[in-house]
Amino acid sequence: MIEKIPKYVRGYVRIRLESPMPERFLSLCVHNQIPVRNLKNNGMYYEMEISVKDFFRINTFRRKTQSRIFLLEKHGLPFFFHRNKKRKAFFLGFLICLSLLYLCSLFIWDIRLEGNHYNSDDTIWEMLETMHVTDGVPKKNLDCQQIASNIREAFPNIVWVSAKIEGTCLVLEMKENEDSYIEKEENETSLDSWDLTAKKDGKIVNIITRQGMPKVEKGQECKKGDILVSGEVEILDNDAQVQRYEYVKSDADIFIETEYAYYHEFSLKYTEKEYLGENKSYPFLRFLNYEITLYRNTHEHAEIYCQEHQLSLTPSFKLPVSYGSITINPYTEISKAYTQEEAIGIEQNKIQTFMENLISTGAEITGKNISITFDQTTCRAMGSIQVIESCVEKTPVHKSVQP
């Protein structure tokens with residue numbers, strides 16, 4: 001496709017060659033570097049395409065080979081302009097169109113964000129708006145290095161930013177430091193020793209210590225914050241006196257029987273949408289901030305969907321013109337109320353989802369004590385769920401004074 005553009009701009013013709021010596025004619029064309037395209041042999045004659053410039057050079061070959069040449073078709077921009085030379089309005093519109101395209105090429109009409117996962121697009125766009133970097137900003141007003149620097153300063157977890165202009169698009173490529181979100185692991189690796197402490201109140205079901213000094217036994221009650229395995233190890237002398245303390249990274253498998261409080265309530269009354277089946281779509285055309293549309297919404301309640309497509313000459317040459325459609329799906333709201341059986345089913349699904357989330361964290365459900373009650377407008381569930389889990393955390397060791 002791209003190769004045809006220069007051919008069309010220079011112009012070309014399709015000719016018919018009737019000659020007693022067609023091979024010699026074609027040899028002269030090759031010898032004089034005259035390209036012949038789409039050559040076809042129709043028995044008594046040949047058809048081919050050559051450029052307009054080369055058409056005037058083959059007259060000598062015609063005489064040498066006693067050939068006859070017939071002009072069949074004319075193609076290309078020169079012939080187009082010649083046929084339409086009296087259409088001044090057309091050429092004026094063509095020049096205006098080129099001028100508008102050139103004017104559009106001086107601005108940014110699309111901003112692309114690539115590589116951001118933890119920082120949402122909306123958050124970054126809000127930050128860019130404070131820098132006056134939006135659609136429609138002139139390219140000459142953009143400092144890509146300053147934009148990249150401001151993004152790194154505003155978002156510390158972004159360690160690398162590349163800002164570049166491609167056509168009418170501003171492309172921001174960035175790389176985020178995923179390790180910055182694992183603060184807990186970073187803190188742990190910075191410690192040379194730690195204790196294992198309880199995260200919740202409960203009862204020790206099992207404890208297997210691999211490193212450190214255990215402070216609790218199986219069956220013992222513990223409170224939140226109690227040290228279960230200490231990273232401070234006493235080194236005794238022959239008289240069973242503390243000679244010194246050594247500090248280690250406590251390591252143990254500890255399972256605690258604890259419980260989670262559960263509470264959830266919801267209204268028995270609710271509204272349900274009843275669609276009227278009168279969907280209507282309205283086309284629209286938007287240029288800059290101006291919109292042309294036949295959209296009208298005369299319904300009190302309706303779901304509105306919008307599909308928009310931005311025009312572009314190439315993937316990187318966006319235009320400030322977009323088109324699309326607005327679809328309206330009207331509905332009415334009907335007030336309803338759950339029966340007690342329906343409400344119990346909904347609440348049981350909520351409880352089941354809550355328990356499945358606990359199991360996904362490694363907890364073992366040992367029991368539940370949840371009651372469901374009703375009043376005139378509300379369904380309420382409250383109680384507790386008993387689990388066995390490893391709910392411990394690593395905390396810095398409080399070092400004692402060496403004896």
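**Salt bridges and a buried glutamate**

Lys7, Arg14, Glu47 and Glu49 are linked in a network of salt bridges, a salt bridge being a side-chain nitrogen of Lys or Arg within 4 Å of a carboxyl oxygen of Asp or Glu. The model is predicted, so that local features need pLDDT of at least 70 and side-chain atom pairs count only at pLDDT 80 or more, while totals for chains, interfaces and linings use all residues. Residues are numbered from 1 along each chain as its sequence is written, and side-chain values use heavy atoms, with hydrogens and water left out.

Across the whole structure, 16 salt bridges are found. One of them joins the side chains of lysine 7 and glutamate 49 at 3.0 Å, N to O; because lysine 7 lies in helix 1 (residues 4–10) and glutamate 49 in strand 3 (residues 46–51), this pair ties together parts that are 42 residues apart in sequence. Helices (H or I, at least four residues) and strands (E, at least two) are DSSP runs, numbered from the N terminus. Lysine 7 is buried at 18% relative accessible area, and glutamate 49 is likewise buried at 10%, where buried means under 20%, exposed over 50% and partly exposed in between (1.4 Å probe, protein chains only).

Glutamate 176, found in strand 7 (residues 169–176), is buried yet has no salt bridge, and the nearest side chain of opposite charge, lysine 175, is 9.0 Å away (Lys and Arg count as positive, Asp and Glu as negative, and His and the chain ends are not counted). The side chain of glutamate 176 instead reaches the backbone nitrogen of histidine 117 at 2.9 Å, and that of tyrosine 118 at 2.9 Å.

Conventions
A polar contact is a pair of N or O atoms within 3.5 Å; within protein, one must be able to donate a hydrogen and the other to accept it, and residues adjacent in sequence count only if both atoms are side-chain atoms.
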